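The following exercises are to be worked with the sequence and the model in view. Each task is followed by a solution in steps.

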Amino acid sequence: MSDVPRIIILYYSRNGATQQLADAIANGVSKAGAEPVLRTVACDGDAACQRDLLIETDELADCAGLIMGSPTRFGHMYSGLQKFWEQTSRDWLKGALVDKPAAVFTSSSSMHGGQESTLLAMGVPLLHHGMLLMGIPYTAPELQQTDAGGSPYGASHVEHAAGSKLNQYESRLAEQLGERVAKAALKLT
């Protein structure tokens, strides 16, 4: 590992809203003094694939933490992310991610579009890998102020409230999540 801890931000974004959350999270990771590494999974020319590199399972062992994001898909993560995790048995057996901090984020087109179940479902493979799953504590005032995305389970965006653009609370909560994971990684490395 390099001197600066690398935090992988693994996500899929169809139309760009989840990518905006990934960018806000990356800002938080940088503010905390770690290096954000934006990665995606195989997709068909969507927002994430147009800009960021595809994740390689070999990168998992070298990261200091991981933050995963997906739009909601009937209360679950995008199938390409699930497929990626199904290919990580070698890393799971080696304990490549054990005791590394992790978090999750999501976006949906409606307020009740399955955000919390998606966030919880995305945490399952991270917990199986032995990661330390983190959320956003209620000490973040934005959790009390938001009328759209944001949850103690992770950062989120609700498109109907503000279109595809993140509102100030969603953006700040995503940034705080990135800072939180990076600070934990810095303490653990």
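**Exercise 1. Identify the residues through which H1 and H8 meet, and describe how the two helices cross.**

Step 1. On the H1 side the contact (heavy atoms within 4.5 Å) is made by Leu21, Ala24, Ile25, Asn27, Gly28, Val29 and Lys31; their partners in H8 are Glu170, Ser171, Ala174, Glu175, Leu177, Gly178, Glu179 and Ala182.

Step 2. Sorted by class, this contact has 7 nonpolar, 4 polar and 4 charged residues. Here Ala, Val, Leu, Ile, Met, Phe, Trp, Tyr, Cys and Pro count as nonpolar, Asp, Glu, Lys and Arg as charged, and the others, Gly among them, as polar.

Step 3. The axes of H1 (residues 17-31) and H8 (residues 168-188) come within 7 Å and cross at roughly 45 degrees. Such axes are lines fitted to C-alpha atoms over the stretch in contact, with angles from 0 to 180 degrees between N-to-C directions.

Step 4. H1 and H8 are therefore oblique to each other, given that angles under 35 degrees count as roughly parallel, over 145 as roughly antiparallel, 65 to 115 as roughly perpendicular and the rest as oblique.

The model is predicted: local features need pLDDT of at least 70, side-chain atom pairs count only at pLDDT 80 or more, and totals for chains, interfaces and linings use all residues. Residues are numbered from 1 along each chain as its sequence is written, and side-chain values use heavy atoms, with hydrogens and water left out.

**Exercise 2. State which residues of H5 are buried and what covers them.**

Step 1. Buried (under 20% relative accessible area; exposed is over 50%, partly exposed in between; 1.4 Å probe, protein chains only) are Gln115, Thr118, Leu119, Ala121, Met122, Gly123, Pro125 and Leu126.

Step 2. Their cover includes strands S4 (65-71), S5 (101-108), S6 (132-133) and S7 (155-158), together with helix H3 (79-86).

Step 3. Gln115 has a relative accessible area of 9%. Beyond its neighbours within four places in sequence, Gln115 contacts Thr72, Thr106, Ser107, Ser108, Ser156, His157 and Val158.

Methods
Helix = DSSP H or I, 4+ residues; strand = E, 2+ residues; numbered from the N terminus.
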